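Hi,

Here is the structure I said I would pass on. Have a look at it first, and then read on for what turned up in it.

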Amino acid sequence: MKTIVLKFGGTSVGTIDRIKKVCKIIAFYKKKKNKVVVVSSAMSGVTNELVNKSKLISSNFDRAEYDVLVSTGEQASCALIAGRLKHNGFKSRSWTSWQLPILTDGPHSSARIGSIGIKELNRYLKSGGIPIITGFQGVSKDLRITTIGRSGSDATAIMLAKFIKADECIIYTDVDGVYTTDPRQYKKAKKIKKIFYDEMLEMASLGSKVMQPTSVQDAKLNKIDVKVKSSFVSKSGTLITNSKKAFSDQIITGISSTKNDAKITIVGVKDRPGVAASIFKPLSKNLINVDMVVQNISLDGRETDLTFTIKADDLKKTEKLIKQNKKISFKKLSFDKGVSKVSIIGVGMITTPGITYRMFQALASKKINILVISTSEIKISVLVSVKHVKRAIAALHKEFKLD
């Protein structure tokens, strides 16, 4: 008898009709004599509605109460799934995070799962029951509800698969797998049958919305293979794994792009040890994530220009922090919200020379100017004007034979 963890995202449980369809999927696995554990997100739109309500109450809503508030969405969807399964003749019940418990570490809204109590869960599974468990949430050591970041239900499912030693972990969403790039940006995008953890982690971090980056990292660390499938159509999905079996010799696996970046340039900063740390320390304290960084030193070595990217939502706060920073002096501050990061990802580039040239040449052939560059072993990212993103994706998709 196999143990299978099924996770359903917000769009999969977005309406009563979709919840009824999800229950048919659950029944399919149960009728095959499997032990089935279900993790559910909140119905689509519910979490955003709760977040908006918190903003109407206060512009500085308490983080602990925020987690209590937004965690109610999963509780509702789990109760509806369990209720429908009971209606269909199955033994089922909903479980909230504190009932297992799912213990977390770290701050509210971005906690990480440390351990999961499985004693009662295993007993219920042995009795033939189908537990429906709230995703996205846990409980802290001081018994407060915590949440683990948007799309955190993926991490809940993966960590449950770890602790109960599940045979399979399947993430059901509104797409039928991971694609070489966003099909909405490029119609010739192809579904990827298998993808390495590291590639998926880069794609998730660089703009792909299929899975939460933290959950991919959890899967990699715990060596849990994950399947991504659609709850809307019955098609084979994508396997996220570290197994090298049946992998093609494709150099580049996928292309990602972002929509919400901003570029900041600080001109004429005094070039001295510690200046970069002085600039980025206030941003770090205010939880502003800095991504691509480029530093240009003047010929006489006295001044430097520093360019970096952040999320556009943090632009006003970042501008204020830089201008208030008494530890630095500069001649000019400039901002550009009309930029996007386009990245190529693939483990094949580790052993293949010439990838950087091919990427840059493909973009140059379409007269696309590169503003900033960053690299790692398995990805190359460039910052370009947002108006060039679709052309850049098409050019790179063709160059690396992903069409």
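Predicted model: local features only at pLDDT ≥ 70, side-chain atom pairs only at ≥ 80, totals over all residues.

In soluble globular proteins, nonpolar side chains tend to be buried together. Here the largest nonpolar core has 40 residues, and the members that touch the most others are Val5, Ile133, Cys169, Met200, Met211, Val226 and Ile240. At least two residues of this core come from each of β2, β5, α5, α6, β9 (168-173), α7 (197-205), α8 and β13 (226-230). The element that gives the most to this core is α6, with six residues. Another core lies apart from it, with 23 residues, among them Phe8, Val13, Met43 and Cys78.

Not counting residues up to four places away in sequence, Met211 touches Asp154, Ile158, Ile171, Ala204, Val216, Val226, Val228 and Ile240.

**The cavity**

How many cavities of 30 Å³ or more does a search of the whole structure find? The search gives one. The volume of the largest cavity is about 40 Å³. Its lining is made up of Ala111, Arg112, Ile113, Ile148, Ala155, Met159, Thr214 and Asp218. By type, the lining residues divide into five nonpolar, one polar and two charged. β5, α6 and α8 (213-221) each supply at least two residues of this lining.

**Three residues to look at**

Ser109 sits in the loop between β4 (102-105) and β5 (112-116). Is Ser109 buried or exposed? Ser109 counts as buried because its relative accessibility is 17%, and the cut-off for buried is under 20%. Leaving aside neighbours within four places in sequence, Ser109 is in contact with Arg63, Tyr66, Asp67, Thr147, Ile148 and Gly149. You have already met Ile148, as one of the residues that line the largest cavity.

Ser329 is in a loop too, between α10 (315-324) and β19 (332-345). With a relative accessible area of 40%, Ser329 is partly exposed. Outside the four places on either side in sequence, Ser329 is in contact with Gly268, Val269 and Lys270.

Cys23 belongs to helix α1 (residues 16-31). Cys23 is buried, at a relative accessible area of 1%. Neighbours within four places aside, Cys23 is in contact with Ile81, Arg84, Leu85 and Asn88. Lys223 is 200 residues away from Cys23 in sequence, and 28 Å away in space, C-alpha to C-alpha.

Most residues other than glycine have a negative phi, and most peptide bonds are trans. Here are some exceptions.

- Leu100 and Pro101 are joined by a cis peptide bond, with omega at about -5 degrees. Pro101 is in the loop between β3 and β4.
- Lys33 is not a glycine, yet has a positive phi of about 70 degrees. Lys33 lies in the loop between α1 and β2, and is exposed, with a relative accessible area of 63%.
- Lys401 is not a glycine either, and has a positive phi of about 55 degrees. Lys401 is found in the segment after α12 (389-399), and counts as exposed at 62% relative accessibility.

Cheers

Conventions:
Residues numbered from 1 in each chain as written. Heavy atoms only, no water. Helix = DSSP H or I, 4+ residues; strand = E, 2+ residues; numbered from the N terminus. Buried < 20%, exposed > 50% of the residue type's maximum accessible area, 1.4 Å probe, protein only. Contact = heavy atoms within 4.5 Å. 1 Å grid on protein atoms, 1.4 Å probe; cavity = no way out; pocket = protein on both sides within 12 Å on 5 of 7 lines; lining within 4 Å. Points joined across faces, edges and corners; volume = space filled by probe spheres on them. Nonpolar A, V, L, I, M, F, W, Y, C, P; charged D, E, K, R; others polar. Core = buried A, V, L, I, M, F, W, Y, C linked by side-chain atoms within 4.5 Å.
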